[in-house]
Amino acid sequence: WDSAQIPEQSVIDQLRSVHDQHPHQRPQLSYTVGDFVTTYSSPSKHGQYGSLVSVFFIDTATNIFEYVWTIRNSLRHEGVWINFGPVQWHRNAQLHPTTNELRDIIEAVGFEVKYWEVSEKLVAYRHPDDLDSTHSRERGSRSTRSEAYRPLKFIAILKSGDSFMDGQDECLLSAIQKVRLSTGRRSLINHVHGDFFGEPDE
């Protein structure tokens, strides 16, 4: 955790060892191609997972509330949310909360934050040498532009007994619907139910 960098060599080695196992010994893995909110905010995903790890992910949100609500919807009580990655909101993001504001949002929907840290150490996006001034002077830098981030690391537990959206599968969809319509974006409610949904009415 303290020295985590992507890609992590130990993870690569572990994946290779898994590949070398007999097929019946390998863990069952699957992936889903599609929009995260559309897929995992559906009633069928409610409380389906005991843990969720978001890596280089949360700052890709157009509206961070949608991501937090969707993660809340997907986890069971006492479910664990682990995050690692930058908080550098992309150009299409409608909200740009600070890390403190992000923590407030996460706690407001029923999570208890067990660990929260914004690393003081800069991590290069492309190559560690990009941050090495000595290397840059002696060999010439890869670029005159340096891109780096300070990872946000946190562990949050979904509190047991919290009533936020429990038993109200449509509540999450309605909340996201209101957010999307208020900002002029395409709704997802009918899409989730398998119906055609056009652009919101003017």
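**Reading the features**

Tutor: Start with F56, which is partly exposed at a relative accessible area of 28%; buried means under 20% relative accessible area, exposed over 50%, and partly exposed in between (1.4 Å probe, protein chains only). Bear in mind that this is a predicted model, where local features need pLDDT of at least 70 and side-chain atom pairs count only at pLDDT 80 or more, while totals for chains, interfaces and linings use all residues. Residues are numbered from 1 along each chain as its sequence is written, and side-chain values use heavy atoms, with hydrogens and water left out.

Student: Where does F56 lie?

Tutor: F56 lies in the loop between β1 (49-55) and α3 (64-74). Helices (H or I, at least four residues) and strands (E, at least two) are DSSP runs, numbered from the N terminus.

Student: How do I read a phi value?

Tutor: Most residues other than glycine have a negative phi. F56 has a positive one, near 50°. E78 isn't a glycine either, and its phi is positive at about 70°.

Student: Which strand holds E78, and is E78 buried or partly exposed?

Tutor: E78 lies in strand β2 (residues 75-85), and it is partly exposed, with a relative accessible area of 47%.

Student: How do I read the sheet?

Tutor: Look at who pairs with whom: two strands pair if DSSP finds at least two bridges between them. Here four strands form an open sheet with mixed pairing, in the order β1-β2-β6-β3. β1 and β3 (111-118) are the edge strands, each pairing on one side only. On average, neighbouring strands of this sheet are turned by 10° against each other, direction ignored; axes are lines fitted to C-alpha atoms, for helices over the stretch in contact, and angles run from 0 to 180 degrees between N-to-C directions.

Student: In what sense do β1 and β2 pair?

Tutor: They pair in the parallel sense, over six bridges. Within that region, V53 stands opposite I82 in β2.

Student: Which helices should I look at against the sheet?

Tutor: Take α3, which packs on the sheet and touches β1, β2, β3 and β6 (152-158); contact means heavy atoms within 4.5 Å. The direction of α3 makes about 135° with that of β2. Then there's α4, lying across β2, β3 and β6 and running at about 165° to β3.

Student: How many salt bridges does the structure hold?

Tutor: The general idea is that side chains of opposite charge can pair when their charged atoms come close. A salt bridge is a side-chain nitrogen of Lys or Arg within 4 Å of a carboxyl oxygen of Asp or Glu, and the structure holds two. One joins E107 to R103, with the closest N and O atoms 3.3 Å apart. Both residues lie in helix α4 (residues 99-108), four residues apart, about one turn of the helix. E107 is partly exposed at 32%, and R103 is partly exposed at 27%.

Student: Which residue forms a salt bridge with K114?

Tutor: That's E112, with the closest N and O atoms 3.2 Å apart. K114 is exposed at 52%, whereas E112 is partly exposed at 36%.

Student: Is S119 buried or exposed?

Tutor: S119 is buried, with a relative accessible area of 9%. Its place is in the loop between β3 and β4 (123-124). Not counting residues up to four places away in sequence, S119 touches R150 and P151. A polar atom of the S119 side chain lies 3.1 Å from the backbone nitrogen of K121.

Conventions: A polar contact is a pair of N or O atoms within 3.5 Å; within protein, one must be able to donate a hydrogen and the other to accept it, and residues adjacent in sequence count only if both atoms are side-chain atoms.
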